[in-house]
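Please examine the model displayed below before reading on.

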Amino acid sequence: MSARETRPPISHRLADHLRSTVAVERSAIGDLRLAEVLCFIAGATNAGGFLAVGQYTSHMSGIVSSIADNVVLGSFALVGVALLALVAFLAGAALSAILINWGRRNQKSARFAYPLFVEAGLLLCFGLSGHFFNGTAAFVAIAIPLLCFIMGLQNAMVTKISNARMRTTHVTGMVTDLGIELGKLVYVNVTPGKRPRVVASRTKLRILTTLIGLFLFGGIVGAVGFKQIGYITTVPLALALVLLAGFPLILTRPRPPQDETSSG
C-alpha cells in the first residue's frame, strides 16, 4: 500500500490540525498556529475598532498614560473613560483565567476553547450593535470597554496557553524582543574562543516577524473592511474563532475515564 493511500482523509487531517491548536497537550507548533490566527484577528479588531470609536483598545500603556495626562489636565470625564477601559481589559483577562482554570479543575479537554467562544460572541455583539446604533453616544460608551474586554480576554488566553511565551495584542513586547534578537544578529563576536558567543535565534526572529506582520496585515484588512463594508467585517472574524474553538470541541476524541479523586 502506497504512502498516499495510507494518509488519512483531508477532513480528518483538518480536524487534527484544528484540534491540536487549542488542545490541552501543547506543542510549540500549536502555540504558534494559535498565535498567528489571533494576531491577525487582534490587528483587525484593533484597527477596525479605531475607525469605529476613535480609540485603540489593545494596548494599556497608552490608556494608563492618558489617565495620568487627563488627571493633570483636569479632564476627569476622560479619566473615567480610560479607567473604564482599563478595568474592562482586566476583567477580560480575569474571565479568561477563570474559564481556563474551571476547565482544568473539571478535567475539560477543550478548556482553551471557552475563551475563544466568548470572544466570538462578543465580537458579534460589537458588530451587531455597531450596525444598528453606530454614531450614538451610547454605542461609543459601550464599544470602548467591550473591545478592551475582548483584547484582555484574548491576550490572557494566549499567555496561559503558551506559558507566557507569546502574546497577541501586546505588540510592544514583540517589537522589543525582535530588537533584542536583531542586536544579537549584528553583534560582532571578538575573540569568540575566550568568551561565549552572542548568537541570535533565527527561529525567534522568524516567529516574531511573522506575528508582527500578521498583526499589521490584520490591521490593514480590518481598516479596509470597516471602511468599505462596515461592522459586517466582524462576522468573518467571529466565525474564524468559532471554527478554531468549535470544530475541535465537536470532534474531540473520547478521553479515557479518570479517577474521580484526581485533582486535575
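This is a predicted model: local features need pLDDT of at least 70, side-chain atom pairs count only at pLDDT 80 or more; totals for chains, interfaces and linings use all residues.

Residues are numbered from 1 along each chain as its sequence is written, and side-chain values use heavy atoms, with hydrogens and water left out.

The protein contains 10 helices and zero strands; here helices (H or I, at least four residues) and strands (E, at least two) are DSSP runs, numbered from the N terminus. Read from the N terminus, the order of elements is α-α-α-α-α-α-α-α-α-α. Of its 264 residues, 39% count as buried, where buried means under 20% relative accessible area, exposed over 50% and partly exposed in between, computed with a 1.4 Å probe on protein chains only. Contact means heavy atoms within 4.5 Å. Among the contacts with a separation of 6 or more, 72% join residues 24 or more positions apart.

Two packed helices are described by the angle between their axes and the distance between the axes. The axes are lines fitted to C-alpha atoms, for helices over the stretch in contact, and angles run from 0 to 180 degrees between N-to-C directions. Helix H6 (residues 113-133) packs against helix H7 (residues 137-161) at an angle of about 160°, and their axes are 10 Å apart. H6 and H7 are therefore roughly antiparallel to each other, given that angles under 35 degrees count as roughly parallel, over 145 as roughly antiparallel, 65 to 115 as roughly perpendicular and the rest as oblique. The crossing of H6 past H7 is left-handed; a crossing bears that name if the near helix is turned anticlockwise from the far one by less than a right angle, and is right-handed if clockwise. On the H6 side the contact includes Leu122, Leu123 and Phe126, while H7 contributes residues including Leu146, Phe149 and Ile150. By class, this contact of H6 with H7 has 15 nonpolar, three polar and one charged residues. In this classification Ala, Val, Leu, Ile, Met, Phe, Trp, Tyr, Cys and Pro count as nonpolar, Asp, Glu, Lys and Arg as charged, and the others, Gly among them, as polar.

A second pair consists of helix H3 (residues 28-53) and helix H9 (residues 202-228), packed at an angle of about 35° with axes 6 Å apart. H3 passes H9 in a right-handed crossing. The residues in contact between H3 and H9 comprise 17 nonpolar, seven polar and two charged.

Side chains of opposite charge can pair when their charged atoms come close. The partners are Glu181 and Lys184, whose closest N and O atoms are 3.5 Å apart. Because Glu181 and Lys184 are three residues apart in helix H8 (residues 171-186), about one helical turn separates them. Glu181 counts as buried at 3% relative accessibility, whereas Lys184, at 31%, counts as partly exposed.

Two further residues illustrate contacts and spacing across the chain. Phe89 lies in helix H5 (residues 76-105) and is buried, with a relative accessible area of 13%. Beyond its neighbours within four places in sequence, Phe89 touches residues including Met60, Phe149, Asn155 and Thr169. The C-alpha atoms of Phe89 and Asn155 are 9.4 Å apart, although 66 residues separate the two along the chain. Ile161 belongs to helix H7 and is buried, at 2% relative accessible area. Its C-alpha atom is 9.7 Å from that of Gly30, which is 131 residues away along the chain.

Terms used. A salt bridge is a side-chain nitrogen of Lys or Arg within 4 Å of a carboxyl oxygen of Asp or Glu.
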